[in-house]
Amino acid sequence: MKRITIDPITRLEGHGKIEIFLNDEGEVNNAYFQVPELRGFEKFCEGRPVEELPAIVAKICGVCPGCHHMASGKAVDAVFGVEPPPTAKKLRELFYMAHFIHSHTAHFYALAAPDFVVGPLAPAHQRNIVGLIGKVGKEIGTEVIKQRRMAQEIQALLGGHQTFVVMNIPGGVRKGLTEQERDDFVEKGKDFVKFAQFTISIFEDFVLKNDEYVDLILNGPYTLKLHSMGLVDEDNRVNFYDGKVRVVDTTGNELYKYSPPDYLEYIAEHVEPWSYLKFPYLKKIGWKGFIEGQHSGLYHATPLSRLNAAEGMATPLAQKEYEKLFDTLGGRPVHATLAMHWARVVELLYSAERFLELASDPEITGRDLRAQLGPIPGEGVGIVEAQRGTLTHHYQTDEKGMVKKVNLIVGTTNNNAAICMSVKQAAKGLIKKGTPVNDGILNMIEMAFRAYDPCFSCATHSLPGQMPMIVEIREANGNLLQRLTRE
Amino acid sequence: MKFNPRIIAFLCNWCSYTGADLAGTSRMQYKSNVRVVRVMCSGRVEPTFILKAFKNGADGVLVCGCHPGDCHYQEGNYRCLRRFLLLQKYITQMGIESERLKLEWISASEGKQFAELVNSFTETISELGPCMVKEQVNTLT
Amino acid sequence: MYTEESKPKLKLAVYWAAACGGCCVSVLDVHEKLFDVISAADLVFWPIALDTKYKDVEEMPDNYIDLTLFNGAVRNSENEHMAKLLRKKSRILVAYGSCAHMGGIPGLANFSTKEEVLYRIFEETESVVNPEKVRPLPECDVPEGKLELPFFYNDVRSLSQVVETDYFIPGCPPQTERLLEVFIAIVSGAKLPPPGSVIGAGTRSQCDECVRIKTENKRIRKFYRPWEIIDDGITCFMEQGVLCMGPATRSGCGYRCIKGNAPCRGCYGPPEDLNDPGAKMMSAVASIIDEEDPEEIMKIIEDVVDPAGLFYRFSLPVSLIRRKIS
């Protein structure tokens with residue numbers, strides 16, 4: 001049996017590797033996506049004062065610390081049994097929209113767009129942001145950097161530390177917004193909306209108007225039929241900051257809609273000996289292994305999942321794009337993995353519109369930033385949508401608010417099994433008997449999991465604009481037969 | 001082999017060291033497990049000294065100063081007291097039994113009290129057994 | 001900034017061990033200045049962005065890389081292997097960020113043993129379902145063959161506990177402006193401080209830079225958890241009774257957390273090379289308690305709810321008692 005090792009995976013939070021096993025006919029038997037890293041937040045947060053957790057858990061990820069900070073802030077509020085006042089909630093969501101804007105922008109331009117604008121089979125050295133700029137113009141690169149910088153500045157203003165923001169305190173936020181700052185945000189918000197619309201137009205011009213790409217999205221080896229999960233508001237529209245978790249099945253019918261405190265009835269985690277990352281699944285269906293379809297216990301939580309799980313977007317321009325996406329791809333739900341890129345730009349537009357909405361809200365400059373605190377009930381669950389998926393923080397404390405237990409289900413973790421299956425599917429579809437494994441194969445396999453944006457999107461200046469890979473083909477006894485690298 | 005505790009004692013020059021000296025010149029019998037470090041004032045004793053002592057193999061650490069109100073430098077012993085109480089909380093968190101660290105006021109004339117203190121503290125440490133700090137902290141696992 | 005005729009480009013590597021990505025983000029936060037960085041340096045190894053493989057690093061001659069920014073703590077066998085490899089291949093090896101400098105947040109795992117960590121995560125959490133007590137293994141057999149994972153250590157280590165480290169750039173993450181200052185200094189051939197120094201940071205404490213108003217009134221009768229008071233946004237936190245690590249933390253970050261109205265938690269490490277990064281602060285905090293009666297003092301100290309986790313938030317692995325004794 002031959003074996004293909006891809007090590008390391010890059011553009012991932014932490015380290016990752018993939019092992020692909022081929023049978024004697026040269027076809028793919030199985031693929032394992034391994035996460036070799038572990039730090040132990042679920043243990044070392046014990047004994048800490050719970051109000052310190054929003055700052056500590058932000059260090060889970062330096063790219064999406066805002067996500068952990070928000071989920072944590074909400075969990076801490078619940079531990080104290082309080083809701084923040086409206087201004088505080090809006091400030092948090094305002095921050096959060098800026099966080100989404102810079103992350104989705106960076107991911108699209110550095111990771112996604114090159115494949116579509118320059119082309120998945122184009123020469124490797126062109127498949128990057130430089131190649132992208134060559135096609136769409138130099139101004140774009142500068143604009144992308146500027147958008148990212150603007151979003152970072154907003155984060156720093158609202159949360160002090162521009163990366164590991166410190167804005168959340170039990171019951172609210174530490175800092176308010178002045179009128180002057182708000183006016184500046186409104187201007188920035190308009191800019192964000194414009195650029196989001198432009199980003200969508202890039203996607204339209206280079207992808208949707210190109211029949212080959214549409215065909216790749218719909219008919220390439222990248223379709224995974226799993227249940228979809230996302231946070232929705234009362235009207236079942238996508239919301240990143242608050243709401244209930246809605247899970248729809250592979251046909252689009254609602255399976256569950258739960259509030260954060262009830263998450264344990266719906267989600268469980270499975271362990272395999274070959275990965276330090278656990279595998280969440282739907283508890284009521286049960287762990288059925290790495291299978292797809294209506295009877296599988298697996299789900300994914302990605303931008304596409306969010307759009308599948310919802311019934312619309314809460315802002316007008318994004319809603320139009322939402323409808324267009326599903327009209328083009330054959331209705332809700334969509335299972336084409338590559339459509340995640342499209343979903344992401346729709347979300348980018350929503351984030352920008354919502355940011356502008358919140359910045360223009362009269363309550364955003366209010367002075368009532370913190371709820372009154374009383375005795376501490378001692379248990380709380382906070383759920384938000386991270387860019388990569390539904391994020392759950394669950395804390396238990398004593399009556400003094402000292403942490404006893406922490407449970408986390410992180411965005412990308414939701415998709416652990418799905419990523420493994422997507423990779424296996426792409427490998428199976430592309431590596432057949434007699435196929436020479438070459439650079440094209442590498443890129444196509446890469447596209448299978450890059451769509452999930454596995455937690456490291458900050459690649460605005462990723463120079464080759466692609467995931468580096470080595471593929472080693474070994475005989476059963478370990479002798480190296482062939483080694484391919486993609487620079 | 002029976003465990004023989006190693007104890008480090010920080011004694012202030014004006015009161016407690018003199019008191020300890022008195023115990024010696026009066027030929028009082030007391031356990032020989034204590035190694036004395038003389039400081040000018042118990043207020044000089046800071047957490048680093050004590051933590052270093054444990055790291056280097058001390059099974060117990062004793063800190064002695066003048067009685068409250070009698071400090072040669074007015075309030076050094078109060079600072080010592082405050083640091084000591086916070087440090088005890090810290091070492092408990094680090095898995096070191098709080099009984100391994102003791103603070104007692106010994107005046108220049110309290111030779112007998114010093115001898116009794118040494119004996120009882122040595123007994124306490126004997127019962128607790130060896131302190132595992134040196135072993136666990138000096139090798140990376 | 002850099003001309004074609006200037007000396008050969010600096011070969012730069014950035015590597016992450018047990019990290020979160022924040023330090024790599026801090027490198028990217030140079031924003032528009034990135035083009036200046038690129039014109040002066042060749043990025044030769046950066047797993048997040050480049051395709052240089054571990055094997056390529058192994059094939060490099062010793063000291064081939066001019067400057068390696070190593071971030072993340074050393075938590076497992078793969079991290080240690082890479083630390084040793086990069087030491088060999090780098091002329092200047094810098095511990096970049098709190099985790100490489102002092103162990104960082106992952107260092108808090110030193111409050112537990114390896115078994116306690118693995119048990120919690122894989123058997124005890126509220127959502128895990130694992131009746132057969134499956135654990136990730138360094139080696140395991142699957143139907144198709146054998147799979148491997150790095151070996152998870154009991155103790156978290158800082159970089160200098162594993163290899164000789166030339167410089168330390170502190171911060172969680174280091175403030176990008178400080179990184180640029182260091183980078184420009186190196187590229188322009190400025191004389192560097194003696195090996196073992198902390199660079200890219202100030203030499204005094206946070207209090208020196210912080211704009212909050214400080215008075216002589218540093219006597220505390222009660223410590224408050226941050227949510228127990230309404231912070232006035234102007235007065236020094238310590239004087240409001242809220243513990244702030246500023247007095248014991250090196251400056252350089254621009255007091256960014258204070259700007260967000262949160263007290264400092266010490267990510268820049270102590271202002272000077274001390275035997276222990278938290279002991280001086282413990283001493284200082286105790287000294288300003290305004291009480292002489294032991295029982296009253298104890299009541300005040302009870303409000304310091306997590307001394308070890310506060311004074312050693314980022315630095316547990318490099319402190320004197322660097323792990324919890326079991």
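Analyst: A polar contact is here a pair of N or O atoms within 3.5 Å, and within protein one of the two must be able to donate a hydrogen and the other to accept it. The model is predicted, and with that criterion the count between chain C and chain A comes to 31 residue pairs in polar contact, both partners being at pLDDT 80 or more. Helix 6 of chain C, residues 114-124, supplies the largest share of the side of chain C that touches chain A, namely 7 residues. Sorted by class, that side of chain C holds 51 nonpolar, 12 polar and 22 charged residues.

Charged partners also pair across this boundary, where 7 salt bridges are counted between chain C and chain A. One of them joins Arg313(C) to Glu52(A), with the closest N and O atoms 3.0 Å apart; the salt-bridge rule asks for a side-chain nitrogen of Lys or Arg within 4 Å of a carboxyl oxygen of Asp or Glu, so this pair qualifies.

As for extent, the size of an interface is often given as the accessible area lost when the parts come together. For chain C and chain A the buried area is about 7500 Å², with carbon and sulfur atoms giving 61% of it, and in terms of residues, 85 of chain C are in contact with 95 of chain A.

Among the contacts in chain A between residues at least 6 apart in sequence, 67% join residues at least 24 apart.

Within chain C, the assignment gives domain 1 (10-103 + 155-198), domain 2 (107-153) and domain 3 (206-318). The centres of domain 2 of chain C and domain 3 of chain C, taken over C-alpha atoms, are separated by 37 Å, and 4 residues of domain 2 of chain C are in contact with 6 residues of domain 3 of chain C. The area buried between domain 2 of chain C and domain 3 of chain C is about 400 Å², and carbon and sulfur atoms give 83% of that area. On the side of domain 2 of chain C that touches domain 3 of chain C there are 2 nonpolar and 2 polar residues and no charged ones. Across the interface of these two domains of chain C the rule finds 0 salt bridges, and 0 residue pairs in polar contact are counted there with both at pLDDT 80 or more.

Note on methods. Residues numbered from 1 in each chain as written. Chains lettered and ligands numbered in written order. Predicted model: local features only at pLDDT ≥ 70, side-chain atom pairs only at ≥ 80, totals over all residues. Heavy atoms only, no water. Domains from an automatic or database assignment. Contact = heavy atoms within 4.5 Å. Buried area = accessible area lost by both parts, 1.4 Å probe. Polar contact = N/O pair within 3.5 Å; in protein donor to acceptor, adjacent residues only side chain to side chain. Nonpolar A, V, L, I, M, F, W, Y, C, P; charged D, E, K, R; others polar. Helix = DSSP H or I, 4+ residues; strand = E, 2+ residues; numbered from the N terminus.
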